[in-house]
Amino acid sequence: MPNTTFDFETVARKATRMRIDIIEMLTAAGSGHPGGSLSAADIVATLYFGGVLRYDVAHLDDANRDRFVLSKGHAAPVLYAALAEAGIIERSELRGLRQLGHMLQGHPDALKTPGVEVSTGSLGQGLSISCGMALGMKLDSAPGKVFCLMGDGELQEGQVWEAAMFAAHRKLDNLVAIVDNNGLQIDGRVEDVMSLGDLPAKWRAFGFDVIEIDGHDIEAIHQALTTPICPGKPRVIIARTHKGQGVSFMEDQAKWHGNAPSEEQGKLACDEIRAKGGDCSCQ
Amino acid sequence: MSVEKKATRAAYGETLIELVEQGHNIVAIEADLSGSTTTKKLGEAYPDRLVNVGIAEQNMTDIAAGLAATGRIAFTGSFAVFGAGRAYEQIRNTVCYNNYDVKIAPTHSGITVGPDGGSHQMVEDIALMRALPRMRVLVPADYASAKAAIALAAKTPGPFYIRLGRAAVPQVHEGGFELELGKAYVLREGSDVTLAACGIEVAQALEAAEILAQEGISAEVIDMVSVKPIDVDTLVGSVAKTGRIVTCEEHSVLGGLGSAISEVLSEVRPTPTRRIGMADCFGTSGSPDELISYFNLDAESIAQAARELVG
């Protein structure tokens, strides 16, 4: 039940639209995380609008659905932008991000927001939750997959590797982990704060099928996300990305991890995204 | 009170098997302690119903959450210091924040873990769990009550903490006992002092009531198995009659049953109170019986607190 078939132009247009939404909602909110939302925009757009993630807007709790776990919950705006674009939440909700009395919380809350698979925000937990889901779906012979998007800084959490061991041990080939490998965390470069070493080798050593891609190349993302499973092996897609991708003054700047743009910066950013992305009018 | 002793943990694996056989979609998740917690027998009977994650309690808790997200009733075991302590933030942000059907049921809590020593004797777990929104906290006194607590948690949606123990304890409830959430049970009526206890301290409180009776002091004994939600009516009704209360728990006096009762009564009906429990200290190695006396959690210590209140 894929919602769309892969159409590069459509996905690119959605990604552009989502980037504008991310900037606009964060500017209105006055706080939040633009850098890691923008770095993940092409990945999330491909999942939702490239015919990868199987979901039914009218039956979000369908047991046969695929599940998307945003383990790097601080990138909530990218998820909210996708949910609005998919018609799961009203577009008008985006303006209420992080405001009292509105559904869009600073970090995703599954009890408040339709389409949020699980509340996240405490780093390092999403892969474990995804493993539990993937195992449950296997035990139920459900056809779906679980896609879990993590940050690279997040991999410093030891629990991620507890989950990785579990996934391989239990042969969870319906699990696809995605690392948004933008190389930055709040305190600076991942390599300076706490280096991760040889990431592909680490995941391979933990028993994963590893695919490395450019995380802003939508065709490469789509190909990686739709590569037939490697029977008996969980998969990780290491997506090299740029924090703040699409907004030149934010790109590869750790200071844009957790700071919202001002009105003026927001306008500059949206103008640049529009100029690069071309027509992104809602379909 | 029956003289035959049995540990509350003995109820765990076998009750889960019964619930599976009644058609409940139960799964138990363990962190390499399935023999100690008794879920091993569940795995032997129904291999798909036991998931062992190895020595990784944080992962255990979130795997349970993910399994609950696929429609299962997930029980996590381990020892309280790990299953509740080490995994606290997973319980908070994933289990409770999502309101998942996960039941935290560690089988080794309190000082009666015994010879393993203070590192393994969790005396802060009720405080930790009680503070969590959406969490319900049950501290059964005996085997029959533990069976009832496990069944109640399985049949009631949302997060639960069930505090089980390793030490063999006397039976204070009849077999087939059914537990009601938020209800306290008056096990012995009295008029001079209320002894409100949970877990293994219920048997000690009953013994204290016997000692006090010989001295002409009439003690009412209440099993406060449902620490959260707490039975305000039963508490207030009892102290309206006795005017004094001794709280008894195998847990720190900070944040546990004594705190919960003091919070309620100080607002609703201020009552002279003594709290029996761990006096803001860690445990130490010893046999369960030795430790209960050493840390003044025994019947005589409870009786002494009651005497002081009665004056």
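Visitor: How many residues from chain B and chain A does the contact take?
Guide: The contact takes 24 residues from chain B and 24 residues from chain A. Keep in mind that this is a predicted model.

Visitor: And what area is buried between chain B and chain A?
Guide: About 1900 Å², with carbon and sulfur atoms giving 51% of that. On the chain B side, Asn59(B), Tyr97(B) and Asn98(B) supply 24% of the area that chain B buries against chain A, more than any other three residues.

Visitor: OK, what's the salt bridge count between the two chains?
Guide: The count between chain B and chain A is one.

Visitor: Which residue does Asp140(A) pair up with in a salt bridge?
Guide: Arg72(B), and the closest N and O atoms of the two are 2.7 Å apart.

Visitor: Which elements of chain B give two or more residues to the side that touches chain A?
Guide: Those are strand 3 (50–52), helix 4 (57–68) and helix 6 (88–96) of chain B. Helix 4 of chain B gives the most, with six residues.

Visitor: What does that side of chain B look like by class?
Guide: The side of chain B that touches chain A has nine nonpolar, ten polar and five charged residues.

Visitor: Switching topic: is Ser37(A) buried or exposed?
Guide: Ser37(A) counts as buried because its relative accessible area is 0%, and the cut-off for buried is under 20%. Ser37(A) is found in helix 2 (residues 34–39) of chain A. Leaving out residues up to four places away in sequence, Ser37(A) touches Ile22(A), His74(A), Ala75(A), Pro77(A) and Val78(A).

Visitor: Now the backbone. Which residues does a cis peptide bond join?
Guide: Lys228(B) and Pro229(B), with omega about 0°. Pro229(B) lies in the loop between strand 12 (226–228) and helix 10 (232–242) of chain B.

Visitor: What about phi of Asp32(B)?
Guide: Phi of Asp32(B) is near 65°, a positive value in a residue other than glycine. Asp32(B) sits in the loop between strand 2 (26–30) and helix 2 (34–37) of chain B. At 45% relative accessibility, Asp32(B) is partly exposed.

Visitor: And where is Asn99(B)?
Guide: Asn99(B) is in the loop between helix 6 and strand 5 (102–104) of chain B. Asn99(B) is not a glycine, yet has a positive phi of about 55°. Its relative accessible area is 37%, so Asn99(B) counts as partly exposed.

Key. Residues numbered from 1 in each chain as written. Chains lettered and ligands numbered in written order. Predicted model: local features only at pLDDT ≥ 70, side-chain atom pairs only at ≥ 80, totals over all residues. Heavy atoms only, no water. Contact = heavy atoms within 4.5 Å. Buried area = accessible area lost by both parts, 1.4 Å probe. Salt bridge = Lys/Arg side-chain N within 4 Å of Asp/Glu carboxyl O. Helix = DSSP H or I, 4+ residues; strand = E, 2+ residues; numbered from the N terminus. Nonpolar A, V, L, I, M, F, W, Y, C, P; charged D, E, K, R; others polar. Buried < 20%, exposed > 50% of the residue type's maximum accessible area, 1.4 Å probe, protein only.
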